[in-house]
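Good morning, and thank you for joining. Please look at the sequence and the structure on the screen while I take you through a few places in the chain.

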Amino acid sequence: ALFSALAAVNELESRAEYQSALGDRERLAGYLGAVENGLAFADFKADQGVGTFGGSEDHTAILCSVAGRIGQYSYAPVSAERSIALPEGYLFVVASSGVQASKTGGAREAYNRVSLGASTAAEAWRRATGGDHPNLAAIFEAGIELDRLREAVGSVESADFTVAELRARVEHFHTESCVLVPQAGDALEQGDLPVFGLFTDRSQHLAERLLGNQVPETVALAEDARELGAVAASAFGAGFGGAVWALVEEGGAEEFAESWLGHYVDRFPARADEAVAVITTAAGPARSVPA
């Protein structure tokens, strides 16, 4: 939002150097992700950022969403893979757990550890093979088998990660990015919502078991959503708090939201003041609002 305001006031989009470097929304999303985490982007040098080593997923959702559709993207660089219509007659209910996913102090270290595990595993592969793949995504896109990467990680000497932790990170990345996302997208595109729900369940369970970035509140919200009839539900974002989405039939969305939030508050009464559930369709991107 801050960048959009600054860009508008300074008419950045009319400048040739802006159009060359950040001429489309996908590149802009990647750039703003780099601004947040302090990494270099194209000809822009690295800077301090905010101290978190995230990706560009939030920025892509904010800038590149299409109303009524679900976008599937790959990252580093940001690249659209496909756009799928939101199933007719369905809406999202999003429940905020009331647990703030703090990105300062010790919480920031836990958040960054997830990202650093992936980069450490990729570095282990480069050292073991002499390759130049910049990240895990590039390694798997090159057709490298999971077992080969797991073997390379086994030889790493790291003061920050055990071999078991790095192998778990590699397994999660491969399963999530190379298996679950494509298969869930296929199921959604084919209108097979029960199968889409199963792939989403597995993604949620792997986040709990391998990433370790879920809290009891988000775990409970995902479980309760499915028990209450959502066709799919998952926590989203960087974890360690935050929110959970559920895909539900439009006609029962309000009743579902009320029941879901009620179950949650019964289980976590200390979160009653902060927890909230909202109903939304698949929304479009951020836009300027007339004064």
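Predicted model: local features only at pLDDT ≥ 70, side-chain atom pairs only at ≥ 80, totals over all residues.

I begin with Phe-240, which is partly exposed at a relative accessible area of 23%. On this scale, buried means under 20% relative accessible area, exposed over 50%, and partly exposed in between, with a 1.4 Å probe and protein chains only. Phe-240 is found in the loop between β4 (232–235) and β5 (243–249). Helices here are DSSP runs of H or I with at least four residues, strands are runs of E with at least two, and both are numbered from the N terminus. The phi of Phe-240 is near 60 degrees, a positive value in a residue other than glycine.

Residues are numbered from 1 along each chain as its sequence is written, and side-chain values use heavy atoms, with hydrogens and water left out.

Ala-42 also has a positive phi, about 50 degrees, although it is not a glycine. Ala-42 sits in the loop between α3 (25–37) and α4, and is exposed, with a relative accessible area of 59%. A further loop, between β1 (69–74) and β2 (79–85), holds Pro-77. The peptide bond leading from Ala-76 to Pro-77 is cis, with omega near 10 degrees.

Let us turn to buried residues. Thr-60 belongs to helix α4 (residues 57–64) and counts as buried at 2% relative accessibility. A polar atom of its side chain lies 2.7 Å from the backbone oxygen of Ser-56. Neighbours within four places in sequence aside, Thr-60 is in contact (heavy atoms within 4.5 Å) with Ala-29, Ser-65, Tyr-73, Tyr-75 and Val-78.

His-133 is in the loop between α5 (105–129) and α6 (136–141). Is His-133 buried or exposed? His-133 is buried, with a relative accessible area of 18%. Its side chain makes a polar contact with the side chain of Trp-125 at 3.3 Å. Such a contact is a pair of N or O atoms within 3.5 Å; within protein, one must be able to donate a hydrogen and the other to accept it, and residues adjacent in sequence count only if both atoms are side-chain atoms.

Finally, the helices. The axes of α8 (residues 163–189) and α9 (residues 193–211) come within 9 Å and cross at roughly 165 degrees. That makes α8 roughly antiparallel to α9, a term for angles over 145 degrees. Axes are lines fitted to C-alpha atoms, for helices over the stretch in contact, and angles run from 0 to 180 degrees between N-to-C directions.

Leu-210 is in helix α9 and is buried, with a relative accessible area of 16%. Leaving aside neighbours within four places in sequence, Leu-210 is in contact with Ala-168, Glu-171 and His-172.

α9 also packs with helix α10 (residues 216–227) at an angle of about 160 degrees, their axes 11 Å apart. These two helices, α9 and α10, are therefore roughly antiparallel to each other. In this pairing, Gly-197, Leu-198, Asp-201, Gln-204 and Glu-208 of α9 meet Thr-218, Val-219, Ala-222 and Arg-226 of α10.

Note on methods:
Parallel < 35°, antiparallel > 145°, perpendicular 65-115°, else oblique.
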